[in-house]
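Okay, everyone, thanks for coming.

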There are 2 protein chains.
Amino acid sequence: MNGAESLVGTLAAGGCEVCFTNPGTSEMHIVAALDRQTRIRSVLALFEGVVTAAADGYARMTGKPACTLLHLGPGFANGIANLHNARRARVPIVNIIGDHATFHLKHDTPLQSDIEALARPLSAWLRTSRSASEVGQDAADALLAAQCGGGQVATLIVPADLAWLEVGKIAPIAPAPNLPIPSSTTVDRAAKMLRANLHTAILVSGNALYGGGLAAAARITAATGARLLAPYPITRIERGSGRAVIDRIPYVPEQATELLREFRQLILVGGMSPFSYFAAPGRGSKLTPADCEIFSLAEPQQDCAGALHALIDALSLRGSSAALLEKKAELAIPHGDITLPGLATAIAATLPENAILIDESMTSGRGIFAATRGAKHHDVLVNTGGSIGIAMPLAVGAAVACPDRRVLCLSADGSGMYTSQALWTMAREDLKVTTVIFANREYTVLRREFANLGIGKPGPQARSLFDIGRPNLDWVALAKGMGVPGRKVASLEEFGNALQAGYESQGPSLIEVPV
Amino acid sequence: MNGAESLVGTLAAGGCEVCFTNPGTSEMHIVAALDRQTRIRSVLALFEGVVTAAADGYARMTGKPACTLLHLGPGFANGIANLHNARRARVPIVNIIGDHATFHLKHDTPLQSDIEALARPLSAWLRTSRSASEVGQDAADALLAAQCGGGQVATLIVPADLAWLEVGKIAPIAPAPNLPIPSSTTVDRAAKMLRANLHTAILVSGNALYGGGLAAAARITAATGARLLAPYPITRIERGSGRAVIDRIPYVPEQATELLREFRQLILVGGMSPFSYFAAPGRGSKLTPADCEIFSLAEPQQDCAGALHALIDALSLRGSSAALLEKKAELAIPHGDITLPGLATAIAATLPENAILIDESMTSGRGIFAATRGAKHHDVLVNTGGSIGIAMPLAVGAAVACPDRRVLCLSADGSGMYTSQALWTMAREDLKVTTVIFANREYTVLRREFANLGIGKPGPQARSLFDIGRPNLDWVALAKGMGVPGRKVASLEEFGNALQAGYESQGPSLIEVPV
């Protein structure tokens, strides 16, 4: 058994089932090892930004790490932007990066770079294998590290000669540690805050946004009158009929401030205090009122759901009911000209039961979260780190993770151009993803920020840098170029019909919506 | 004048004429400053991998730095792979990266990252501005640093509040230093080697590959019988009739070893001793014979052309003639089925006078360098760092630099999918670039390396990871999607005609060639 086989064998033994990859020459022995086993499915992407976000999407839906296999420093570098998002999402990912053979490094050949330096800022755990006999143990350590703290990016660099030397061995797998729950003092403090007669919000993250954690949060807010909130960046949230009533803090600082104005107490569960994404001249970054007491019930690396169950006990709420959304009357697909509210209604009306909704629709989609509040049960995944270009590859990962669920992927045109290569992987793997491109032909967020910053009216050069409609991007052609059938719609009815056709097809499809 | 205006004003005063960019919110004041002046042209790209390689292409053709304007850590990260190539190309580039306002950093909001850590491995010079009044001086220092050592990547991080504070001032511009030439001892040693009766090769890089430097090299080899060689990775080389007879060391190690076998002396001019790109089990990385003496006449950061002129003096070769290629009889466009040699001949036959040929055709294009040996005068730019996905954005930069020259951009399909967004910028800027996609529908280099490494026959998973033809990429559709007219050709004659039509058109075009 060589080092590569011990690597792959250990990952498989540890429950890793998928490898998203774009390998190169220095990873050929690892490719050969993947080739000789059947427990890990290899999924090829044509660009590493797709690889890393697909691993993120897979982890968000399964709670388990996928591995990525990346080619040297530059291959890893192409995946950094979406690893930035994955780091913010707190998901488990194991990156395997090949390096030159150790004896080759002294020649500083063209593809050489300082891989550790590139990987360090993104990786909670980072190691370069030092001997072929230890590669298996390195893989086991990486797997364990990825599953600590609620989910982390672990990166293992494997020099080519350590992959090919015949001294590898499969390492034993350590069980992933349970997440710690907060102390009873902390829980009692939160309980006391909820018993006070003050406007209180509970801002939940992590595993308190779905399943039992979210149900617990809904029981607490029903019993105490506190308001349940989600942050703007959300790794995964369960929504729709039968699920908790929960509002999301808006992206626009003025809207967020307005929402938070009434609260005198804010209890954080696994997240950070809300601040604006960006600073602006003469404006503070803080979104909560000055006299709002902020208390953290659970830190991000703790068990948010467990913290809420402990809080239920502390509040003696066992058996109490939750504030849940009732099933809405079926919505009809709207008719007429395309409007942003109409698109949101059409999405809410057609969303299939148990769908996964990926939302990177940026400014065009700001009404969708509200519109889908009472839609059929679904999960929503959004951009957690603000690095644009995540939607389509995240959809790849979610669809690989959940082959029985329909994935609706909403992307702005500007962000979509970052990682459109994901469409090819959707076609290759027959993934049931319906991608909607909101084609407003500009970086609207930048035009608005320019106006908000008080810099004056944009002139020709600035306007040109916000305008991505010259030439116009033809998304139906781009999708065709990558093997995905697409159509452009001209009315809300056409849009609704295209969505339904997408949900019924056996593979991916794309809908371009001029907005 | 705010910090952003002092930044832009200083860059303009220092001769920076182009800014390749994809800005974000934190760069809006710099966008406003670009907007309010007319000396720097802003060129938008839809992905930062295009931005950085375009700056590289611009620098290769002008010898001057363009600036890039990038959005925070993730925006920079997307440009790293092609900065890796630019670093190896030793070209001058000034990266400007926006950061959050200094007072906002403590909140660790979603887009925050350690930008310095990401930029350090790529940057010969790196600074974060510390005060708005110093941003102008920081820009001047960055410009100077970029022009040192023959060309370097200089990176300046500008926090948003330092861009908007009204205390900026334009900084004085220091002249770029002259490159040092080697000592007379070193030159005399090289001269002595050339007078010895031994098989000798001169391996030239940097500014010895074009203009007066290359002419000097050709005179030396004509007089001494030494063979003139270029490395496989070339920043820029001048070729065709009337230019030097020069051979390129092949990528394939066995072919390189064969070429270098006869030499007992190798004189390096601005480059490194040749090694294989990758190591393999049981094979050394060294490509030169064990008994070949290797001597460096000029280091990469020295003046290669100046070193050769000094060598001419040391050899008393003033007024001697050079070994130059004669003008060949006009080649006819070949007819018949598409073959790799036929494609190479068609390219050589049609290449217009003074063209710029960008070559990232990978395995499909290995005959092109030989075939274009006696073509009309042209420059060739290739991938210098081995990070694939450079051709189309490099063509953008070369075409912006040289609006009066035709650019032929040769890309493999696999590498082309990394940064195909460059097509959109070609269309937007009406760049006279003819892009040829060699569509062999696989990562051929990986299939070959897998076979060469002695791992055995690839099974289904490995074969699948080399196969990018399932589904097939339709490059004509992809080009249409980004506003570039394309056609797919089925014969050599069609290919030749499509090339000629491309050279005659007023903007970009794309030719897909199934190979």
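Let's begin in chain B, with an open sheet of 6 strands whose order is β2-β1-β3-β4-β6-β5, with parallel pairing. At the edges sit β2 (41–44) and β5 (125–128) of chain B, each pairing on one side only. Ignoring direction, neighbouring strands of this sheet are turned by 20 degrees against each other on average. Before I go on, this is a predicted model: local features need pLDDT of at least 70, side-chain atom pairs count only at pLDDT 80 or more, and totals for chains, interfaces and linings use all residues. Residues are numbered from 1 along each chain as its sequence is written, while chains are lettered from A and ligands numbered from 1 in the order in which they are written.

Helices (H or I, at least four residues) and strands (E, at least two) are DSSP runs, numbered from the N terminus. Two strands pair if DSSP finds at least two bridges between them.

By touching I mean C-beta atoms, placed from the backbone, within 7 Å, and the angles run from 0 to 180 degrees between N-to-C directions, with axes fitted to C-alpha atoms, for helices over the stretch in contact.

Now look at β3(B). How many of its residues are buried? The count is 6 of 6, so to speak mostly covered, where buried means 20 or more other C-beta atoms within 10 Å of a residue's own, exposed means 12 or fewer, and partly exposed is in between, with C-beta atoms placed from the backbone. In a regular strand the side chains alternate between the two faces of the sheet. Here both faces are covered: B:A66, B:T68 and B:L70 are buried on one side, and B:C67, B:L69 and B:H71 on the other.

And β3(B) has partners. Strand β1 (residues 18–22) of chain B pairs with β3(B) in the parallel sense over 4 bridges, with B:C67 as the bridge partner of B:C19. With β4(B), β3(B) pairs in the parallel sense over 6 bridges, and there B:T68 has B:N95 as its bridge partner.

In the loop between α3 (48–62) and β3 (66–71) of chain B you'll find B:G63. Is B:G63 buried or partly exposed? It's partly exposed, because 16 other C-beta atoms lie within 10 Å. B:G63 and B:P92 are 29 residues apart in sequence, yet 7.4 Å apart in space, C-alpha to C-alpha.

Over to chain A. Here 5 strands form an open sheet in the order β10-β8-β7-β11-β12, and the pairing is parallel. Its edge strands are β10 (247–248) and β12 (293–298) of chain A, each pairing on one side only. β7(A) and strand β11 (residues 265–269) of chain A pair in the parallel sense over 5 bridges, and A:A201 stands opposite A:L266 in β11(A). Helix α8 (residues 184–195) of chain A lies across β7, β11 and β12 of chain A, at about 135 degrees to β12(A).

Next, helix α9 (residues 211–224) of chain A. Just after α9(A), A:G225 takes a positive phi of about 80 degrees.

One more stop in chain A: A:L381, in strand β14 (residues 378–382). A:L381 is buried, because it has 27 other C-beta atoms within 10 Å.

Finally, the two chains together. The contact takes 82 residues from chain A and 82 residues from chain B. On the chain A side, helix α4 (residues 72–89) gives the most, with 8 residues.

Conventions: Two residues are in contact if their C-beta atoms, placed from the backbone, lie within 7 Å.
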